[in-house]
Amino acid sequence: MLRISSICLLALITIATPLEASQSESSETGKWAGTWFTCEFAKSRTPPHDGCEMFDDEGFRFEQGRLTYVRVTDSDETKCRGGKIGQCFTRDRLAITIKTQDRGELNLGNDWITVKYFGCTQKYSFADRSEFREIIPAKDRCFWARKRHFYIGRFSGSVSIQK
């Protein structure tokens, strides 16, 4: 279920509506710098019970106006949701190895993301909490958007990219 939700989040922010060119280089991109992962134990509208100490193995990066899908390739964690081995990892891990895949251009607003997909533009707001960031869809939703909130955290360890 969480894997499907992670994929939905990535699909939702894969095709972003272009804003002014200067927007993609604004200080807003600093809010999204680094490598981010979905909190493993978050639910549809419920924050993770562990404060986002466990990450799902799928995530994304925002770099130079691009969205990149990432997947951890070297986890052997056993405490993942559903008892699945290697499909999560602890937030305090010192280093990870990832595979990446470019997902396209991304532009961000001050406290929102606008996504255009199948001809419909969906707006999401986001709010920073002490241990994670919450991404919330606007009330007027596109036919493809769900009511689900996404809870994500930034990984602060070392990241190696597998070729």
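Predicted model: local features only at pLDDT ≥ 70, side-chain atom pairs only at ≥ 80, totals over all residues.
Me: What should I know about the model before I start?
Reply: Local features need pLDDT of at least 70 and side-chain atom pairs count only at pLDDT 80 or more, while totals for chains, interfaces and linings use all residues. Residues are numbered from 1 along each chain as its sequence is written, and side-chain values use heavy atoms, with hydrogens and water left out.

Me: How many bridges join β2 to β3, and how do the strands run?
Reply: Strands are DSSP runs of E with at least two residues, numbered from the N terminus. Two strands pair if DSSP finds at least two bridges between them. Here β2 and β3 are antiparallel and joined by 6 bridges. Glu58 stands opposite Arg71 in β3.

Me: Is Asp57 buried or exposed?
Reply: Buried means under 20% relative accessible area, exposed means over 50%, and partly exposed is in between, with a 1.4 Å probe and protein chains only. Asp57, in strand β2, has 2% relative accessibility and so counts as buried. Its side chain makes a polar contact of 3.2 Å with that of Arg71. A polar contact is a pair of N or O atoms within 3.5 Å; within protein, one must be able to donate a hydrogen and the other to accept it, and residues adjacent in sequence count only if both atoms are side-chain atoms.

Me: Why is β3 called largely enclosed by the rest of the structure?
Reply: Because 5 of its 7 residues are buried.

Me: Which side chain of opposite charge is nearest to Glu77?
Reply: Lys and Arg count as positive, Asp and Glu as negative; His and the chain ends are not counted. A salt bridge needs a side-chain nitrogen of Lys or Arg within 4 Å of a carboxyl oxygen of Asp or Glu. Glu77 is buried but has no salt bridge, and the nearest side chain of opposite charge, Lys79, is 5.3 Å away. However, a polar atom of the Glu77 side chain lies 3.1 Å from the backbone nitrogen of Lys79. Glu77 sits in the loop between β3 (66–72) and β4 (88–90).

Me: Which residues have the most contacts inside the largest nonpolar core?
Reply: A nonpolar core is a set of buried Ala, Val, Leu, Ile, Met, Phe, Trp, Tyr and Cys residues joined through side-chain atoms within 4.5 Å. The largest has 15 residues, and Trp32 and Ile135 have the most contacts inside it. At least two residues of this core come from each of β2 (54–63), β7 (120–128) and β9 (150–155).

Technical notes. Helix = DSSP H or I, 4+ residues; strand = E, 2+ residues; numbered from the N terminus.
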